[in-house]
Amino acid sequence: MPEMRYREALNEALREEMEADESVFLMGEDIGVFQGAFKVTKGLLEEFGERRVRDTPISENTIVGMGVGSAMVGLRPVVELMTVNFSLLAMDQIVNHAAAVRYMFGGQVSCPLVIRMPGGAGHQLGPTHSHSFEAWYLHVPGLLVAVPSTPADAKGLLKAAIRDDNPVIFIEHETLYGQKGEVPENGGPARFGEAAIRREGDDVTIVGISRMAVTAAKAAETLSSEHEIEAELIDPRTLRPLDMDTIVESVKKTNRAVIAEEGWPHGGVGANLAALIQEQAFDYLDSPVLRVTGADVPMPYSKPLEQAAFPHEEHVVQAALATFRDV
Amino acid sequence: MPEITMPRLSDSMEEGTILKWLVSEGDEVKRGQPIAEIETDKANMTYEADSDGTVTELVASEGDTLAIGEVIAVIGEGDSSGAERKQEEKAEEPEDKEEPEPQEREEEPEPQKPRRTAPSPNGGGERVKASPVARRMAGEMGVELAELEGSGPGGRIVKADVEAASKGGATRAEPAPAAEPERGEAGAKGQVEIHELTRLQRTITRRMAESKATAPDFLLEAEVDMTAAVELRARLKQVADPAPSYNDMVVKAAASALREHPRVNAAYRDGKFELYSRVNVGVAVAAQDALVVPTIFDADSKSLGRIASDARALAGKVREGKITPPEVSGGTFTVSNLGMYGIDRFSAVINPPQAAILTVGALKKRAVPDDRGRIRAREMMALTLVCDHRILYGADGAAFLARVRALLESPLSLAL
């Protein structure tokens, strides 16, 4: 299998889907001439021309609004927002329109729109560029939410998102763009709602969201080598739909669950998942479901503070240990 | 007024026999308090009240066999209304109550609170702290939660505790004892017994293979003159209980030397050296069909006596199968001793990711020439240091081992 970077895998998914389907087109700030703030759209303007790779003004609500409109009349737009923070400017189009039109029109129209955007901290981009808003979109019925953590999933899920007739919030992670990984050649679309078990183990289930799936994988190795605890690591890959079957089955085996996410603790992805786990597996729990989350603060600019504001390997290790004993 | 019916205490149970009432009419009972011993098709079990109240009537007598669902007793509400009812009843039927109540009460105090958390002074028993899965399994297996000591955070009773109780002493280290050996086809090797590995055995298999496959190891051997240590131990025996063993002395000497040689108290991991601030010495203990390495934490700062008592306690727990994961993790170095089997010297597999393992051979009298060439009988013992060459080079390992030997040959400082 060829190795490629996360950003290259996304680029390949866009190219393949644009080649396969004329109705797929891209819109966003600086995606054409500048080839994207994170170079995900590299080479696509040259290959597909201005009609299908459109640079837009700084106008998130309009970009998404055009996406909703063009999706309703039969195109398959993929819009890029420069960060998930900026998507808040387009909340009206996303929540009141994209998510709801199919419902409001009784299924007569659908909205096959993909909104790509990076989230997450680590590059000192401060509180207006570095947040993790998975939970905000997870909240909305009518939206699908993908959070790929590997190049293979980035490609497979983006292809699936473009082909899906529902609006998809596609959250990439800024620090993962340069990560390399194996990507199957001629791979098709991945399936939404299918979690990946990244590592099998009998002792504790760790669910890692987005980049935290990578962080949790390191934590799982430390738990094994230093504490003789074999963690089962689950990457849900999509938060809507969410593969609760895989998670619950794992918790029934391990009796313990830790959820690692980068977002804020209150009303977060982990808060929701912890509620679901206790509803569906209460009689199998040996410990409260524990969460490892970002700090309950706006993301700091200062490097040491920023590093302290999102979870690292040792936090996941500590949480996993705390399901066994006082730490 | 809740009626207590014959409970279903096993899946196949159809009827049960009241072996013994643990309460009398008129007694106040708390939820969770054992009220009766019931014999089922499977076992004799204690049945607990599922609400607070006052026993108003014991419908079934001891020895009665009743079908599931038949009323065995009636428990009234425990608060003021119950008290009123009790008074009414007392007024109505005074003669019935007289004889059973006083004597039976005196005889029965002991089964009522078997080792349970002491009830608070106001009489309200505390809710037993148990995880949901432990609670469910205890119910299924007929294990009395109140009699268990929890090993989870904050003393919570967890699944492993219930499993251990139901199996009489199995632990998390050995959660599922291997199933009955399977018998395979008879062949040139005769009948083949197939044993599934326990989880602990699977872990050992994986880690030992990983160690051998990844660590380029080499051996350093040293003969230690233990004559002075033997004399010291003989003297310590008269004052210390437990008297430190030679292995405890080796642990203490190694711990002191580890403090002075940080590269030995370290690990090679992912292209980096990790040096640890704590000196935690693991001591390999053979358990039934397995190998467990409990950890003596901060062995460098513990006295020899403390190391001896810690080691005794940990080895005891291993043999009883009561060792817990925190007690077998966190080691930074390992000592393994087969001297008791008369093994002179041996090599061992490094416990990854540690930098080295020290093995201890048997103590034997040997003829050794002294400084002036005179042959003397000395108590000799071989130490072998197996090193991971990625982090520990020959000279580093040698300096460490020489220090261990020096400490053991002049052992007085170990006793400090």
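What is the mean pLDDT of chain B, and what share of its residues reach 70 or more? In this predicted model, the mean for chain B is 81, and 81% of its residues reach 70 or more. Within chain B the confidence is lowest in helix 4 of chain B (residues 109–112), whereas it is highest in strand 19 of chain B (residues 356–360). Two stretches of chain B call for separate mention, as the table sets out.

| Stretch of chain B | pLDDT | Contacts in the model |
|---|---|---|
| Residues 79–124 | under 50 | 31 contacts beyond four places in sequence |
| Residues 169–178 | below 50 | 34 contacts beyond near neighbours in sequence |

For the complex, the predictor gives an ipTM of 0.73 together with a pTM of 0.55. The contact is made by 17 residues from chain A and 18 residues from chain B. On the side of chain A that touches chain B, helix 8 of chain A (residues 211–227) gives the most, with 3 residues, and the residues of that side divide into 7 charged, 6 nonpolar and 4 polar.

Chain B also holds an open sheet of 4 strands, which follow the order 1-8-6-3 with antiparallel pairing. Strand 1 (3–5) and strand 3 (28–29) of chain B stand at the edges with a single partner strand each, so one side of each is left without a neighbour in the sheet. Strand 6 (residues 53–58) and strand 8 (residues 71–76) of chain B run antiparallel and are joined by 4 bridges; V55(B) has I75(B), in strand 8 of chain B, as its bridge partner.

Definitions and conventions: Residues are numbered from 1 along each chain as its sequence is written. Chains are lettered from A and ligands numbered from 1 in the order in which they are written. This is a predicted model: local features need pLDDT of at least 70, side-chain atom pairs count only at pLDDT 80 or more; totals for chains, interfaces and linings use all residues. pLDDT is the predictor's confidence in each residue, from 0 to 100. Two residues are in contact if their C-beta atoms, placed from the backbone, lie within 7 Å. Ala, Val, Leu, Ile, Met, Phe, Trp, Tyr, Cys and Pro count as nonpolar, Asp, Glu, Lys and Arg as charged, and the others, Gly among them, as polar. Two strands pair if DSSP finds at least two bridges between them.
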